[in-house]
Amino acid sequence: MTTPVPPGPAGAAPRSGGPIRVLIADDQDMVRTGFRFFLDAQPDITVVAEARDGEEALALARRERPDVCLLDIRMPKLDGLEATRLLAGPGVADPLRVVVVTTFDLDEYVYGALRGGACGFLLKDSGPTLLAEAVRAAAAGDSLVSPSVTVRLLKHVTASAPADNVPRPASPAPGAPLQEPLTERELDVVRLVALGRTNAEIAAELYVSLSTVKTHLSSVQLKLAARNRVEIAAWAWQNGHARPGT
């Protein structure tokens with residue numbers, strides 16, 4: 001069963017000053033209800049649709065064109081990995097912004113979703129405040145990778161041996177020299193990305209402007225051949241540029 005909620009025409013761009021339009025996809029009724037209850041209580045966020053499986057999520061997302069899609073990984077009919085790739089992956093002409101919300105201890109394929117185009121991820125037990133922050137970050141073109149999730153997921157992904165169906169980073173292998181080395185300031189930005197900081201937090205911590213942070217990140221992505229900030233973080237963990245607690 002799906003529950004579309006009117007406001008905003010399908011395919012419309014986010015309205016200036018209007019609420020962030022969110023789709024929630026999860027096969028657990030209580031999870032969807034909890035997410036909707038909290039997000040609808042935010043003055044700048046509104047839930048426009050709910051889906052209980054991946055096929056419904058895909059159809060609703062394409063019809064409603066929400067600003068942010070919150071997708072579970074393990075769903076009936078079409079899992080979150082494939083739904084993410086179809087909505088936000090390489091080759092999608094007009095990709096949507098997807099945030100994966102999952103239970104890490106039961107799911108080791110979150111990195112695959114991020115490789116498929118998701119712009120952020122959260123654990124389901126991260127709490128409602130972080131959920132709202134992730135939605136706002138995604139809508140603003142940023143992504144939120146909380147420090148606890150970064151430590152748990154990226155250490156697991158980069159330390160474990162490659163497994164079937166688990167995508168690996170496309171960036172240079174650990175220890176491989178870069179064709180163009182990162183500058184000291186770029187390394188500062190990379191370390192903070194690896195520890196889960198948002199662009200705004202990085203700007204505040206390094207005493208630079210938000211546009212400067214974005215410029216550094218664009219340069220880093222080119223040098224590392226990284227598709228997104230999660231691949232940047234993975235490279236940092238693989239090459240010893242990030243440490244928990246720093």
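Because the model is predicted, local features need pLDDT of at least 70 and side-chain atom pairs count only at pLDDT 80 or more, whereas totals for chains, interfaces and linings use all residues. Residues are numbered from 1 along each chain as its sequence is written, and side-chain values use heavy atoms, with hydrogens and water left out.

The protein chain has ten helices and five strands; helices (H or I, at least four residues) and strands (E, at least two) are DSSP runs, numbered from the N terminus. Of its 246 residues, 49% count as buried, where buried means under 20% relative accessible area, exposed over 50%, and partly exposed in between (1.4 Å probe, protein chains only). The accessible surface of the chain is about 11300 Å², and carbon and sulfur atoms account for 56% of that area; areas come from the Shrake-Rupley method with a 1.4 Å probe, and for residues only the protein chains shown count as cover. Among contacts (heavy atoms within 4.5 Å) between residues at least 6 apart in sequence, 68% join residues at least 24 apart.

The five strands form an open sheet in the order β2-β1-β3-β4-β5, with parallel pairing; two strands pair if DSSP finds at least two bridges between them. Strands β2 and β5 are the edges, each pairing on one side only. From one strand to the next, the twist averages 25 degrees; axes are lines fitted to C-alpha atoms, for helices over the stretch in contact, and angles run from 0 to 180 degrees between N-to-C directions.

Helix α2 packs on this sheet, touching β1 (20-25), β2 and β3, and its direction makes about 135 degrees with that of β2. Helix α5 (residues 128-139) lies across β1, β2, β3, β4 and β5, running at about 135 degrees to β3.

Val101 has Leu122 as its bridge partner, and Thr102 is partnered with Leu123. In a regular strand the side chains alternate between the two faces of the sheet. In β5 (residues 120-123), Gly120 and Leu122 point one way and Phe121 and Leu123 the other, and all are buried.

Side chains of opposite charge can pair when their charged atoms come close. The whole structure contains 18 salt bridges, each defined by a side-chain nitrogen of Lys or Arg within 4 Å of a carboxyl oxygen of Asp or Glu. One of them joins Asp53 to Lys77, with the closest N and O atoms 3.7 Å apart. This pair links distant parts of the chain, 24 residues apart: Asp53 is in the loop between β2 (45-51) and α2 (54-64), and Lys77 in the loop between β3 (68-71) and α3 (80-88). Asp53 is buried at 5% relative accessibility, whereas Lys77 is exposed at 63%.

Arg63 and Glu64 form another salt bridge, their closest N and O atoms being 3.2 Å apart. Here Arg63 is partly exposed at 46%, while Glu64 is buried at 10%.

In helix α7 (residues 184-194), Asp188 and Arg191 are separated by about one helical turn because they lie three residues apart. Their side chains meet in a salt bridge of 2.9 Å, N to O. Asp188 is partly exposed at 24%, and Arg191 is partly exposed at 29%. Elsewhere, salt bridges that share partners join Asp29, Arg32, Arg36, Asp40, Glu50 and Arg52 into one network.
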